[in-house]
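Dear colleague,

I am handing over the structure we spoke about, and I would be grateful if you could look through it with the notes that follow.

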Amino acid sequence: MPGRKSQAGSVRTCGRVAIPFKSSVTSIFDILSEISALTFDAFSSLKPQTVRAIRIKPLPGQVRTKPKQLGPIAVLLCTLVSRPAFAQSEEIVTPFDLFEPERGEGIRISPNLLFFPSIESDATYDDNVYNNSQSKLDDLVLSFRPRSTIRTDLQRHEFSLTSGADIRRYADIKGENSEQFDIQGKGRFDLAERTEVIVDAGLRRGIEQRGTAGDQFLTDEPVAFNRKFGGLRVRREGGFLELMAEGRIAETRYRDTKINGLPFDLSERDSTVTRARIRSSAPTSHYSRVFVEASINKVDYSNSLPTQRDSDGYGVLAGMLLRLTSLVNLEVGVGYMRQKFDNPSVKDVSDVNFHLQVEWTPRADWQITAAADRVIDPSFRLDAPAIVHSDFSLEARKALGDRTLVSAELGISDEKYQGSGRKDMRFHASARAHYRLIDNVGLVAGVGWRKQDGNALGRDYAGITVTLGVRARF
């Protein structure tokens with residue numbers, strides 16, 4: 001297609017063998033290079049020897065290197081043991097580059113201010129609205145999601161204000177009708193060439209999804225909450241040492257609900273969560289970085305009765321960012337996490353912390369990603385002051401030309417209720433297709449499956465959804 005970058009062709013390269021393990025492989029190549037240099041000197045007069053170069057795309061913030069020259073024996077070994085692979089070009093094309101979604105040019109409301117409105121609407125059939133195997137009810141829900149962003153158009157700094165809503169209407173089960181709203185302001189300040197400060201704050205009115213930890217009373221309507229949040233991030237990228245420091249606070253207040261028509265107070269769930277973390281990374285080679293991250297958190301419940309549930313904790317994480325090849329990026333970390341509770345009868349959380357993110361682009365029209373994370377969140381239950389979440393996901397995307405993007409996802413979520421014997425294991429799978437009808441209008445279709453195993457103390461359920469929708473950008 002005109003104006004697009006093309007994926008490099010398939011070639012034989014020793015990069016897929018030599019690149020990922022510099023500490024061991026480089027030393028072997030150095031020895032081989034010394035031996036080959038003597039051989040090269042001895043036979044150079046008989047037959048000229050060609051030299052192959054490895055080109056490595058540096059990680060963000062690192063300086064691009066010159067091609068590394070290998071001796072003839074190393075070249076021969078690389079040729080023998082390497083497999084066919086895509087050449088390591090400076091820019092790798094992904095399905096997101098090939099696919100052109102609907103987009104709007106925005107409305108200029110002043111010389112330095114743009115307005116971007118959008119609308120999404122879809123119809124979803126759900127065969128288990130309440131996520132309850134004992135009273136399984138199906139229904140059709142219509143969703144309408146308007147959203148708008150006002151953003152500055154400046155050479156330096158950037159400010160934006162985003163707001164939106166999610167309005168749901170059910171065909172038969174009217175009690176599940178809901179309205180969700182959010183508004184968020186964000187500012188980015190460029191303090192220096194490689195240093196920026198990001199400030200954000202917002203409000204959100206949301207609902208708890210049926211069948212999750214917050215949905216435990218079979219209320220007449222979805223449990224609703226109001227949340228205020230804000231954060232500050234300072235980031236310095238590029239150069240040898242990269243640094244990031246961040247602090248966030250979120251205050252959540254739950255609205256009273258009803259059970260069989262009677263009011264029910266949920267104020268015992270009200271909480272304030274404060275988090276802070278700092279992260280530093282440095283290169284170990286031109287294709288890898290090591291990072292160290294430390295975090296702290298504090299959870300305060302507004303109502304400490306009948307049991308004390310406040311806690312504070314910390315976590316440490318260390319790992320590497322690797323560009324195994326120009327087609328494979330890997331970020332992996334492992335560490336330790338601990339959460340201490342004010343209530344001495346609750347056992348502290350002391351567990352392994354982990355983080356994984358992998359991106360593989362075997363072809364320009366294919367991309368596969370995998371992720372794994374573990375976090376500690378406040379609990380909605382009086383018998384469990386915290387929930388340890390372990391999430392795993394695998395997703396594949398494929399571009400079918402510049403108008404269509406299809407994707408599929410598998411996921412597992414493990415929720416362990418600290419201080420309680422409850423442990424929920426949730427599985428989900430989905431497939432989705434996105435088609436750009438015209439420049440600013442697109443169509444979406446998807447199917448999803450979910451299943452939860454609540455063991456002896458939780459809720460077991462399964463459900464299927466089918467969705468058709470339209471998106472418009474202006």
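Arginine 459 is found in the loop between β24 and β25, where helices (H or I, at least four residues) and strands (E, at least two) are DSSP runs numbered from the N terminus. At 14% relative accessibility, arginine 459 counts as buried, a word used here for under 20% relative accessible area, with exposed meaning over 50% and partly exposed in between (1.4 Å probe, protein chains only). Please keep in mind that this is a predicted model, in which local features need pLDDT of at least 70 and side-chain atom pairs count only at pLDDT 80 or more, while totals for chains, interfaces and linings use all residues. Residues are numbered from 1 along each chain as its sequence is written, and side-chain values use heavy atoms, with hydrogens and water left out.

A polar atom of the arginine 459 side chain lies 3.3 Å from the backbone oxygen of tyrosine 130 and one lies 3.2 Å from the backbone oxygen of asparagine 131. Asparagine 131 sits in the loop between β6 (113-126) and β7 (139-152), and it is buried, with a relative accessible area of 2%. Its side chain makes a polar contact with the side chain of arginine 450 at 2.7 Å; a polar contact is a pair of N or O atoms within 3.5 Å, of which, within protein, one must be able to donate a hydrogen and the other to accept it, and residues adjacent in sequence count only if both atoms are side-chain atoms. Setting aside neighbours within four places in sequence, asparagine 131 is in contact (heavy atoms within 4.5 Å) with Gln209, Arg210, Gly211, Arg450, Arg459 and Tyr461. The phi angle of asparagine 131 is near 50 degrees, a positive value in a residue other than glycine. Histidine 157, in the loop between β7 and β8 (158-170), also has a positive phi, near 65 degrees, and at 25% relative accessibility histidine 157 counts as partly exposed.

Next come the salt bridges, each being a side-chain nitrogen of Lys or Arg within 4 Å of a carboxyl oxygen of Asp or Glu. A search of the whole structure finds 36 of them. In one, arginine 436 pairs with glutamate 100, the closest N and O atoms being 3.9 Å apart. Because arginine 436 lies in strand β23 (residues 423-438) and glutamate 100 in the loop between α4 (95-98) and β5 (107-110), this pair ties together parts that are 336 residues apart in sequence. Arginine 436 is buried at 4% relative accessible area, whereas glutamate 100, at 27%, counts as partly exposed.

Another salt bridge joins arginine 248 to aspartate 200, with the closest N and O atoms 3.0 Å apart; it links strand β12 (residues 242-254), which holds arginine 248, to strand β10 (residues 195-207), which holds aspartate 200, the two residues being 48 apart. The side chains of glutamate 246 and arginine 277 meet in a salt bridge as well (2.9 Å, N to O), and here glutamate 246 in strand β12 is linked to arginine 277 in strand β15 (residues 271-285), 31 residues apart. Both belong to a network of salt bridges that links Arg233, Glu246, Arg277, Arg279, Glu293 and Glu331.

As for nonpolar residues, the largest nonpolar core has nine: Ala213, Val223, Phe225, Tyr254, Leu266, Phe380, Ala384, Ile387 and Tyr417. Such a core is a set of buried Ala, Val, Leu, Ile, Met, Phe, Trp, Tyr and Cys residues joined through side-chain atoms within 4.5 Å. Apart from it lies another core, of seven residues, among them Met337, Phe341, Ile376 and Ala386. Tyrosine 417 touches residues including Ala213, Ala384, Ala386 and Ile387, not counting those up to four places away in sequence.

Finally, for the chain as a whole, there are four helices and 25 strands, and of its 474 residues 41% count as buried. Among contacts between residues at least 6 apart in sequence, 58% join residues at least 24 apart.

With kind regards
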